Amino acid sequence: MTNVGSNAPADHLAPVYAQFPLQITDARGVFLHKPDGSKVLDLYGGHAVAALGYGHPRWVEALTEQAKSLCFQSNAVALDVRRRAATRLANFCGLGLDTVFFVNSGAEANENALKIACKMTGGTQVIAVEGSFHGRTAAAGAVTWGADKKWYGFPQKPFDVTFIKPSDADQLGTLINDQTAAVIVVPVQGVAGAVDLPKEFLQALRFRCSENGSILIFDEVQCGFGRTGHPFAANMYEVTPDILTTAKALGGGFPVSAMMVSDMVAPYLKMDSLGTTFGGGPMACAIVETMIDIIESEGLLQNVQQRSAEIREKCMVGPVVGMQGAGLLLGLRTSRPAKDVQSELLKSNILTGTSADPNVLRILAPFVLESQHVDLLRQALARLPQ
Ligand SMILES: Cc1ncc(COP(=O)(O)O)c(C=O)c1O
């Protein structure tokens, strides 16, 4: 019972989120079901998480079977399923980032990556890129663009932070210096509006970090694990970081994230240097293994590339005047405020996202999207005023 005079909201949930004007009962495939029986095409996937849509039979079975056999043991107990998940993930990536530490969220993976980089190098400064979002914890928030003004709540940062732009590529020689522990970069920036950073910039970061002994971290929490139509954006750009973090699609709805490190970094992951209670639990690991199985056996990387090409080709209609991003992390540039276009699309039962750019609508569709769903988006956009 609610205490009379309590400051708590009626639903007892911290009111920190703006919410879509949308009520759902359940979901199947790429559709959310409303209480009146109508269906909403979900092109947002709960912030890029629902990579297989909803209720994929093999995903459900893997979770069910693992829950029946062993729901949890921490890293203090060696588990076959954990070893298999790490091996599959390292092989899926194929970039020599062969040591895996499983945690629970994107921010937690980034927090660990930044900690390792500082410890390894003794550096006191981290370079981040304007527009990037890395999470809400102390270190991840410190390298998040705009967090200071909006929500960063700690009295000081764990290290000095310098934000750079892709156009600073020719100044990396001075910007990345003997104090620089790490450069953290999101290769295709999601929150900024599906901004695919120039390949030359990422190559220049790689070159300068190697030259200077700084750690290059790719935050692929949103753009990784198949989202670009490649295992990771690092594969697409042909630039290999020292540490890669990933989450969201990795569990397809079950919370799991991972930090993957190169052979150069691996010796620094010593006994007791990292820890987690829930990370690497058997349910999460069973799902990682199954997600890779499904992506590979159902040809979902190719599907992501094909549907992405179709959206680019067919959806430059109505208020859409441009496209950016990669795979199914697409930014549709709109002639009018994206939030208006978003709410108009929702009235046509299509859920999309917005971004930090007021004129970019964000598409984070499930990897199982079909051509007929792209047609629904095209038809709905074409009906809207330009
Ligand atoms: C690129 C990137 N990094 C980190 C995060 C933080 O992930 P989480 O919310 O799981 O902590 C996000 C979340 O949107 C993200 O897009």
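Analyst: Seven strands form an open sheet with mixed pairing, in the order β4-β12-β11-β10-β7-β5-β6. Strands here are DSSP runs of E with at least two residues, helices are runs of H or I with at least four, and both are numbered from the N terminus. Two strands count as paired if DSSP finds at least two bridges between them. At the edges stand β4 (99–103) and β6 (160–164), each of which pairs on one side only. With direction ignored, neighbouring strands of this sheet are turned by 20° against each other on average.

The model is a predicted one, in which local features need pLDDT of at least 70 and side-chain atom pairs count only at pLDDT 80 or more, whereas totals for chains, interfaces and linings use all residues. Residues are numbered from 1 along each chain as its sequence is written, and side-chain values use heavy atoms, with hydrogens and water left out.

Helix α3 (residues 80–93) lies across β4 and β12 and runs at about 120° to β4; contact means heavy atoms within 4.5 Å, and angles, from 0 to 180 degrees, are taken between N-to-C directions of lines fitted to C-alpha atoms, for helices over the stretch in contact.

Turning to the ligand, its surroundings consist of S105, G106, A107, N110, F133, H134, G135, V186, D219, V221, Q222 and K248, a residue being near if one of its heavy atoms lies within 4 Å. Helix α4 (residues 106–121) supplies the largest share of this shell, three residues. By class, the shell holds four nonpolar, six polar and two charged residues; Ala, Val, Leu, Ile, Met, Phe, Trp, Tyr, Cys and Pro count as nonpolar, Asp, Glu, Lys and Arg as charged, and the others, Gly among them, as polar.

Backbone N or O atoms of G106 and of A107 each lie 2.8 Å from an oxygen atom of the ligand. On the side chain of D219, an N or O atom is 2.7 Å from a nitrogen atom of the ligand. Taken alone, the ligand exposes 390 Å², of which the protein buries 80%, with accessible areas from the Shrake-Rupley method and a 1.4 Å probe.

A further open sheet has three strands in the order β13-β14-β16, with antiparallel pairing. Its edges are β13 (320–326) and β16 (360–363); each has a single partner strand, so one side of each is left without a neighbour in the sheet. From one strand to the next, the twist averages 25°. Strand β14 (residues 329–334) is joined to β16 by four bridges, and L330 stands opposite I363 in β16. Helix α12 (residues 338–347) packs on this sheet, touching β14 and β16, and its direction makes about 45° with that of β16.

Strand β3 (residues 39–42) takes part in two pairings. Three bridges join β3 to strand β2 (residues 31–33) in antiparallel fashion, with K39 as the bridge partner of H33. Five residues lie between the strands of this hairpin, in which G37 takes a positive phi near 95°. Two bridges join β3 to strand β15 (residues 350–351), and here the strands run parallel; L41 stands opposite I350 in β15.

Notes:
Polar contact = N/O pair within 3.5 Å; in protein donor to acceptor, adjacent residues only side chain to side chain.
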